[in-house]
Amino acid sequence: MSKSKRLVIIGNSAAGLSAVKTIREKGCSCPVTMVSAEECNAYSPVLLTYYLAGKIQRESMFITNEKFYQDYGVKTIFGKRAVGIDVSRQVVQLEDSREIEYDSLLIATGSSPRMPGNIDDKAGEYIAGLRSIEDADRIIKFCTTGKEVIVIGAGLISLQIISALAGKGAKFTVIDILAQILSQNMDSDCAAIVERRIREEKQVKFLLGESINKIQRKNGGIFVALDSGKELTAGGVIVGIGVVPNINWLKDSSILLNKGILVDDHLRTNFEEIYAAGDVCESKNIITKNPGVIPNWYNACEQGRIAALNMLGYKEKYAGALNGNITGIFGLIIATVGLSKLPDEVSEELKIVDPARGIFRKFIIREDKLLGATLMGTKNDIEDIGIIRNLVENSRDISQFKDYLANFKLNTGRLYFFN
Amino acid sequence: MYKILSADLEKCTGCRTCELVCSMKHHDEYNPQKSRIRVYNFVEQGYFVPVVCLHCNEAYCEKVCPAGAITVNYDEKKGVRAVQISKEKCVGCKMCIFACPFGNVRFIEDGYSDKCDLCGGDPECVKSCAKEALKFKEVSASYMQKIKSTAEKILAAYQQT
Ligand SMILES: Cc1cc2nc3c(=O)[nH]c(=O)nc-3n(C[C@H](O)[C@H](O)[C@H](O)COP(=O)(O)OP(=O)(O)OC[C@H]3O[C@@H](n4cnc5c(N)ncnc54)[C@H](O)[C@@H]3O)c2cc1C
């Protein structure tokens, strides 16, 4: 590879930074330019709920400083949005009409919160998804007015936000179209335990199986009408109904897009010299083998690394994205990996439930392979999630210790190493 | 060449003194539940296996930490290379626990992740090991590889304590 190859990375977060580190760790001295729509240094969205909770200061969310970009020899163009790519001329176009030439390009523009369609334009300042520090500040503002707050979507991020802010004065009403909370993450038995736990908090109400008809601004607040005819007023609305990859700016680029950017096993787009990584891309699901957007920090880091290796000419294959998460809400730690529900008749499930102690362990197994697990409990009840993730991710044969998984007794189970 | 914590399974008698001194050193109480090193008992095979952070060359936990709280620190003089968690920077998101394929990062106290930091190059567990089953020493690259592949091949099993 020629020394002078110009590497350009768009996006200054998990995927982009992981790529930068990989490029330099491999000893490559090519010029690297990083473009980011946000003016500031990189911060981690994962930390936003800890900021909401007041556990960390604003400054603690930043994971890079100027020195980082200097040390890694990265030319930064921050506070400028990329608005297009001219693939024939190999240039990225920025909002200020500047053009950045590349020999190899990584698109790592992440995703944004999905918003409901039926919002009246003027309601904007009272509605927030959570992705940026500004979003967090907006949420803090309307959660401290003492008024009711409506939360649309009973997913992990919504519940993390409520968990962070509960007890700070706001009262929350959570609306979800499905009857089950956390439907993307777990089965209904586990969700029922979490729901019961949250209902113990007097300031959280659920309206499940309800859909939004319209959201309007009203008297310094918000009016929400549900399809069932119910009407609510609130000081603000928090939206947590998933994310959409930031691909709008690529519509005219002839890069193949579906929900996210389509990539091959080397995270390459339909253009030889253009790669994509992180929440913005649709990569192969390691378990189902189907392409999809699996937005999490872990995948974004790994994809950034693999994409960078391929940009440098190493023919590194990406094994696939794994859905999974670990989080603490309302005193429960929830760790999930892979599938949470049986995919077919040949699969079997092992399940251990102790609702009183908030303990839940479930394993989905097919032909001696672990396809997924849901672990819930406190402190050390979930400590083995990393080992379990490894078994799922690498599709290890678990026949030798399947019985141990099954017979695992609450609170005493641990993984043992032996050769 | 850096030193690593190695365990001689032939010598370990399962006395668990290492767990006690570790918890005392880092959590101010004699409580094996709070130890960073854990001794597992393989009743059927007749072995005790001390398990502790391997301070991986490519540390999964360090790569994934969204708070930049995990760093690889070198002390050339002492020959120590330690993957460490900063308690101050850690927000307790547990991503490292999700990432560690060996289950060696723990959530002991609320609020932050916890794991072996090699006690600044003078591990308490090694000093307390009467049978000298635990050693802190330089090892060859091939030995390191052996440990790694052992850990990877490991026959993982759940068992009651
Ligand atoms: C509140 C919250 C909690 C979360 N918790 C967890 C968790 O516990 N565990 C977990 O694994 N994941 C979690 N996630 C998800 C995780 O944060 C994302 O998966 C991860 O940040 C994706 O990284 P990324 O690099 O792909 O993109 P992003 O982090 O989305 O970053 C995108 C980057 O691209 C830039 N950008 C976007 N568009 C443009 C453009 N047109 N031009 C130039 N630059 C642009 C942005 O400024 C930003 O720098 C959470 C997310 C949120 C919001």
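The helix α7(A) makes the biggest contribution to the shell around the ligand, giving 3 residues. Helices here are DSSP runs of H or I with at least four residues, strands are runs of E with at least two, and both are numbered from the N terminus. This is a predicted model, in which local features need pLDDT of at least 70, side-chain atom pairs count only at pLDDT 80 or more, and totals for chains, interfaces and linings use all residues. Residues are numbered from 1 along each chain as its sequence is written, chains are lettered from A and ligands numbered from 1 in the order in which they are written, and side-chain values use heavy atoms, with hydrogens and water left out.

Let's look around the ligand. In chain A, α1 (14-25), α7 (297-311) and β22 (324-329) each provide at least two shell residues. There are 33 residues around the ligand, and those that come nearest are S13(A), A82(A), R131(A), D279(A) and W297(A); a residue is near when one of its heavy atoms lies within 4 Å. Sorted by class, the shell has 17 nonpolar, 11 polar and 5 charged residues. In this sorting, Ala, Val, Leu, Ile, Met, Phe, Trp, Tyr, Cys and Pro are nonpolar, Asp, Glu, Lys and Arg are charged, and the others, Gly among them, are polar.

Where does the ligand lie? Domain 1 (7-112 + 244-311) and domain 2 (121-241) of chain A both give residues to its shell, so the ligand lies between them. The domain bounds come from an automatic or database assignment. The site is also shared between chains, because residues from chains A and B surround the ligand.

Now for some close pairs of atoms. A backbone N or O atom of N12(A) is 3.0 Å from a ligand oxygen, and a polar side-chain atom of S36(A) is 3.2 Å from an oxygen atom of the ligand. S111(A) has a polar backbone atom 3.4 Å from a ligand oxygen. On its own the ligand has 1,000 Å² of accessible area, and the protein covers 95% of that; such areas come from the Shrake-Rupley method with a 1.4 Å probe.

Note on methods. A polar contact is a pair of N or O atoms within 3.5 Å; within protein, one must be able to donate a hydrogen and the other to accept it, and residues adjacent in sequence count only if both atoms are side-chain atoms.
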